[in-house]
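Good morning, and thank you for coming.

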Amino acid sequence: MGESKLPPAGEFDKALAESAPLYGVEMGERERRKLTEYFELISLWNKRLHLVAPCPPAEFATRHVLESLMAARFLDDDARVVDLGSGGGLPVIPCLVVKPQISATLVEASEKKAVFLREALWRLDERRASRVIAERFERMEAPEADFITCRAIERFTELLPRVVEWASHVPTLLLFGGESLRARLEELGLCFDSLKAPGSERRFLFVVRRK
């Protein structure tokens with residue numbers, strides 16, 4: 001008899017545990033349990049809100065959750081984070097799970113997606129030091145923060161100069177993207193380091209540090 005097929009949550013958890021070391025991520029049972037609950041929640045809501053592109057559970061574990069957690073190593077334990085265009089909560093919700101001492105402001109223009117984000121924070125018990133703002137970032141004053149994170153905002157390369165100006169007081173930007181984002185950062189004269197996502201030649205985390 002062939003090996004029995006794992007349910008989606010089991011596939012996700014297995015991939016999470018096996019692939020975490022490739023991404024330099026350490027997590028225990030608590031973190032895996034919460035991230036699996038997040039996977040189940042986003043899978044349920046995704047049918048209505050299209051929070052992320054549909055993909056197999058193992059790919060969601062690596063491409064979405066573990067890639068998001070590439071940012072966690074740069075976050076101080078008491079960091080104040082502003083996540084722009086949060087959508088389904090990537091990268092900030094996985095970071096909140098593995099670094100529960102940080103506080104986060106999730107900025108999402110879609111009211112429907114903001115409802116999901118509030119539900120996810122409540123279900124994962126990560127709402128204590130976090131809040132969701134349903135607004136375009138350009139229409140609000142930038143909160144005090146130590147880090148800006150951004151992974152899935154639409155027309156990001158086009159909007160990057162506005163983000164940089166809007167968050168002029170924030171010392172570190174953690175931005176996910178490809179070569180077009182790299183070219184835009186260079187065009188703006190920003191100093192940055194880049195980390196390539198394991199198994200990818202086109203996806204990077206750009207760490208922009210400003211004095």
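The largest cavity is lined by Leu96, Pro100, Ile102, Glu126, Arg128, Ala129 and Ser130. Please bear in mind that we are looking at a predicted model. Sorted by class, this lining consists of four nonpolar residues, one polar residue and two charged residues. The volume of the largest cavity is about 30 Å³. When cavities of 30 Å³ or more are counted, the total is one.

How many residues does the largest nonpolar core have? The number is 51, and the residues with the most contacts inside this core are Leu69, Ile93, Phe116 and Leu205. Several helices and strands each supply at least two residues of this core, among them the helices α1 (8-19), α3 (57-68) and α5 (111-123), and the strands β2 (103-107), β5 (172-177) and β7 (204-209). The largest share comes from α2, with seven residues. A second, separate core has 28 residues, including Ile148, Ile153, Trp166 and Val208.

Leu205 deserves a moment of its own. Leaving aside residues up to four places away in sequence, Leu205 touches Met70, Ala71 and Phe74, then Leu174, Leu175 and Phe176, and finally Asp193, Ser194 and Leu195.

My last topic is the aromatic rings. The count of aromatic pairs comes to eight. I shall present two of them, both involving Phe12.

Why is the pair of Phe12 and Phe39 stacked? The ring centres are 4.7 Å apart and the planes stand at 0 degrees, so this pair is classed as stacked; the cut-off for stacking is planes under 30 degrees apart. Phe12 belongs to helix α1 and Phe39 to helix α2, so the pair ties together parts that are 27 residues apart in sequence. Phe12 has a relative accessible area of 0% and is buried. Phe39, at 7% relative accessibility, also counts as buried, since the cut-off for buried is under 20%.

The second pair joins Phe12 and Phe60, and it is tilted, with 6.1 Å from centre to centre and 50 degrees between the planes. Because Phe12 lies in helix α1 and Phe60 in helix α3, this pair ties together parts that are 48 residues apart in sequence. Phe12 and Phe60 are both buried.

Note on methods
Residues numbered from 1 in each chain as written. Predicted model: local features only at pLDDT ≥ 70, side-chain atom pairs only at ≥ 80, totals over all residues. Heavy atoms only, no water. 1 Å grid on protein atoms, 1.4 Å probe; cavity = no way out; pocket = protein on both sides within 12 Å on 5 of 7 lines; lining within 4 Å. Points joined across faces, edges and corners; volume = space filled by probe spheres on them. Nonpolar A, V, L, I, M, F, W, Y, C, P; charged D, E, K, R; others polar. Core = buried A, V, L, I, M, F, W, Y, C linked by side-chain atoms within 4.5 Å. Buried < 20%, exposed > 50% of the residue type's maximum accessible area, 1.4 Å probe, protein only. Helix = DSSP H or I, 4+ residues; strand = E, 2+ residues; numbered from the N terminus. Contact = heavy atoms within 4.5 Å. Phe/Tyr/Trp six-rings, centres within 6.5 Å; stacked < 30°, edge-to-face > 60°.
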